[in-house]
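Work through the exercises below with the sequence and the 3D structure in view. Try each task before reading its solution.

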Amino acid sequence: MSFFVPGKNVSQFSSKNGLDIVLRYPKWEDLQPLWLYMNTLSREDTFLALSGESLDIQSQAEWLAGRFVQMEMRNSVVLLAMQGEDVIGVCNIDRNFNNRSRGLHVANFGISLASAYRSQGIGHFFARQSILEAKQKLNDITRIQLTLFSQNQIAYKLYQKLGFKICGQNPEALLYRGNFQDEILMSLKI
Ligand SMILES: CC(C)(COP(=O)(O)OP(=O)(O)OC[C@H]1O[C@@H](n2cnc3c(N)ncnc32)[C@H](O)[C@@H]1OP(=O)(O)O)[C@@H](O)C(=O)NCCC(=O)NCCS
């Protein structure tokens, strides 16, 4: 049976500076705010795959529709962090299909917050709740893996706090603002 109810609240929390943050499943009406959110992140050119390119709304719609399908199939958990009506963060944990049936017990993790909401404990709470949700909702997942830029110290500290361990390093695999950085692979047994 499906667990996915569009727009359903999963958790809420007060950030270190007293903001009320709600974590909830996405709904179709989130398309436009999500699209604006992703474009803002891309313009920021931070430690994410997006590096300034503008995303069209069709590709955002296809991404969202695809996540809805995968949530129905228990292959994905996507949560939005909301402050009031504003999307301030996205966390997704997606079953890894890259190794066909040999890698289906592994899920890939991704998280971002809008710049104004960072370093207030939101990322830690958001990531922890998303992992709990994935543990409950994605059948037969035993590991969550992620990659990060070697200079992304905040993300590294966050993942260490969550129990992720470094399990690989790909030298100079990522171009960041004109310089190559190593790509670090981390994994968490759940
Ligand atoms: C990475 C990210 C999700 C972390 O979320 P966050 O809300 O900023 O992080 P938190 O406030 O929960 O902090 C987690 C830990 O990181 C460290 N940290 C956070 N802010 C820090 C800062 N400004 N300086 C140094 N360390 C910091 C601390 O160790 C903190 O734990 P503590 O509060 O118990 O000391 C967020 O910063 C972000 O979206 N960054 C841009 C996108 C990105 O890098 N995504 C991850 C890609 S792999």
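**Exercise 1.** Which residues in H3 meet which residues in H4?

*Solution.* The model is predicted. Begin with the two helices: H3 covers residues 122-137 and H4 covers residues 153-162. On the H3 side, the contact consists of Gly123, His124, Ala127, Arg128 and Ile131; on the H4 side, Leu158, Lys161 and Leu162. Sorted by class, this contact has four nonpolar, two polar and two charged residues.

**Exercise 2.** Describe how H3 and H4 are oriented.

*Solution.* Two packed helices are described by an angle and a distance, both taken between their axes. For H3 and H4 the angle is about 45°, and the axes are 10 Å apart. Angles of 65 to 115 degrees count as roughly perpendicular and those under 35 as roughly parallel. H3 and H4 are therefore oblique to each other. The crossing of H3 past H4 is right-handed.

**Exercise 3.** Which element gives the most residues to the shell around the ligand?

*Solution.* The ligand is surrounded by 20 residues, and the closest are Arg118, Ser119, Gly123, His124 and Lys157. Strand E5, H3 and H4 each supply at least two residues of the shell. H4 gives the most, with five. By class, the shell has nine nonpolar, eight polar and three charged residues.

**Exercise 4.** How many bridges join E7 to E8?

*Solution.* E7 (residues 165-176) and E8 run antiparallel and are joined by eight bridges. Leu175 stands opposite Phe180 in E8. The hairpin of E7 and E8 has two residues between the strands, and Arg177 there takes a positive phi near 45°. E8 also pairs with E6, in the antiparallel sense, over seven bridges.

Conventions:
Residues are numbered from 1 along each chain as its sequence is written. This is a predicted model: local features need pLDDT of at least 70, side-chain atom pairs count only at pLDDT 80 or more; totals for chains, interfaces and linings use all residues. Axes are lines fitted to C-alpha atoms, for helices over the stretch in contact, and angles run from 0 to 180 degrees between N-to-C directions. Helices (H or I, at least four residues) and strands (E, at least two) are DSSP runs, numbered from the N terminus. Angles under 35 degrees count as roughly parallel, over 145 as roughly antiparallel, 65 to 115 as roughly perpendicular and the rest as oblique. A crossing is left-handed if the near helix is turned anticlockwise from the far one by less than a right angle, and right-handed if clockwise. Two residues are in contact if their C-beta atoms, placed from the backbone, lie within 7 Å. Ala, Val, Leu, Ile, Met, Phe, Trp, Tyr, Cys and Pro count as nonpolar, Asp, Glu, Lys and Arg as charged, and the others, Gly among them, as polar. A residue is near a molecule or strand if its C-beta atom, placed from the backbone, lies within 6 Å of it. Two strands pair if DSSP finds at least two bridges between them.
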